[in-house]
Amino acid sequence: MEMILITGMSGSGKSVALHALEDAGYYCVDNLPPELLSPFVALKRPHNAPKLAIAMDVRSATSLPLVPQQLRELKAQGVQVQSLFLDANTDTLVRRFSETRRLHPLSRIDATDQHRALVDAIELERNLLGEMREQAHVIDTSMIRSAQLQGYVKSLLQHPGRQLTLVFESFAFKRGVPLDADYVFDVRMLPNPHYEPGLRQQTGLDQPVADFLKTHSEVDDMFRHIEQFLSHWLQALVRDHRSYVTVAVGCTGGQHRSVYLVEALAAAFGKDWPTLKRHRELEAG
């Protein structure tokens, strides 16, 4: 049996992720109380439901501490468990709640119907979900559309977490550092194809841009340094029982240098490790 547990910030896209898994053939349950996790899995085993996706959120905050132990028990029983945490920056969450006019689940603080300020409610939620976030693969939905999120979730199904999977992600510093990054490398000091008239409208996926960057030794130096750093620490990450490690590479616009290096790193590590690639700015276009 395979089970994906989806948690995350309210407004971060958990329903979108759940729909993506439903499309992929998972039996999906939203807002399952943590107390019912183990009994529910036990109930579904005899009914030939090999793939489950379960979403939990802060509405079950008081019982969320029960989840880590339940996940360990399920793994011991042979269930293949993946934990997915959806996150977004506070400004994005405030905007989403304002646009939909929904009430944050932590806004009501007592029976007198007083309302907590939205930002305070979001920060409280971050604190309550901190332990769940630490034990999950994180996807930052701040800068991505629903279709991108669905694609990211479905791509994770290619590598079900049985061994360490490397996620390489390019991004633009001008749009913020991804919240899901475990490691961030700044490559803005490298030669920029943006200033070459014939390359400006192309991307790091195009061969002329790659050829331009390959002519500069500092680009190769950056690639080797990142490769050496990751290679040195990968086995330690495996011993730490990590399922996913997200390596973010950023440049100014997220179009050329970071894209080229993500492609090069994914190709190099893909020979020995499961790898995924994301180009935040290109895929948002």
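This is a predicted model: local features need pLDDT of at least 70, side-chain atom pairs count only at pLDDT 80 or more; totals for chains, interfaces and linings use all residues.
Local features need pLDDT of at least 70 and side-chain atom pairs count only at pLDDT 80 or more, while totals for chains, interfaces and linings use all residues. Residues are numbered from 1 along each chain as its sequence is written, and side-chain values use heavy atoms, with hydrogens and water left out.

Reader: What is the strand order in the open sheet of 5 strands?
Author: Strands here are DSSP E runs of at least two residues, helices are H or I runs of at least four, and both are numbered from the N terminus. Two strands pair if DSSP finds at least two bridges between them. The pairing is parallel, and the order reads β2-β3-β1-β4-β5.

Reader: Which strands stand at the edges?
Author: An edge strand has a single partner, so one side is left without a neighbour in the sheet. That describes β2 (27-29) and β5 (137-140).

Reader: How many bridges join β4 to β5?
Author: Strand β4 covers residues 80-87 and runs parallel to β5. Phe 85 has Val 138 of β5 as its bridge partner, and Leu 86 stands opposite Ile 139 in β5. The count of bridges is 4.

Reader: Over how many bridges do β1 and β4 pair?
Author: Strand β1 spans residues 2-8, and the pairing with β4 is parallel. Met 3 stands opposite Val 81 in β4. The number of bridges is 7.

Reader: How many of the 8 residues of β4 are buried?
Author: Buried means under 20% relative accessible area with a 1.4 Å probe, counting protein chains only (exposed is over 50%, partly exposed in between). β4 is largely enclosed by the rest of the structure, because the buried count is 7.

Reader: Are α1 and α7 parallel or oblique to each other?
Author: Axes are lines fitted to C-alpha atoms, for helices over the stretch in contact, and angles run from 0 to 180 degrees between N-to-C directions. Helix α1 (residues 14-23) packs against α7 at about 55°, with the axes 9 Å apart. Under 35 degrees counts as roughly parallel, over 145 as roughly antiparallel, 65 to 115 as roughly perpendicular and the rest as oblique. The pair is therefore oblique.
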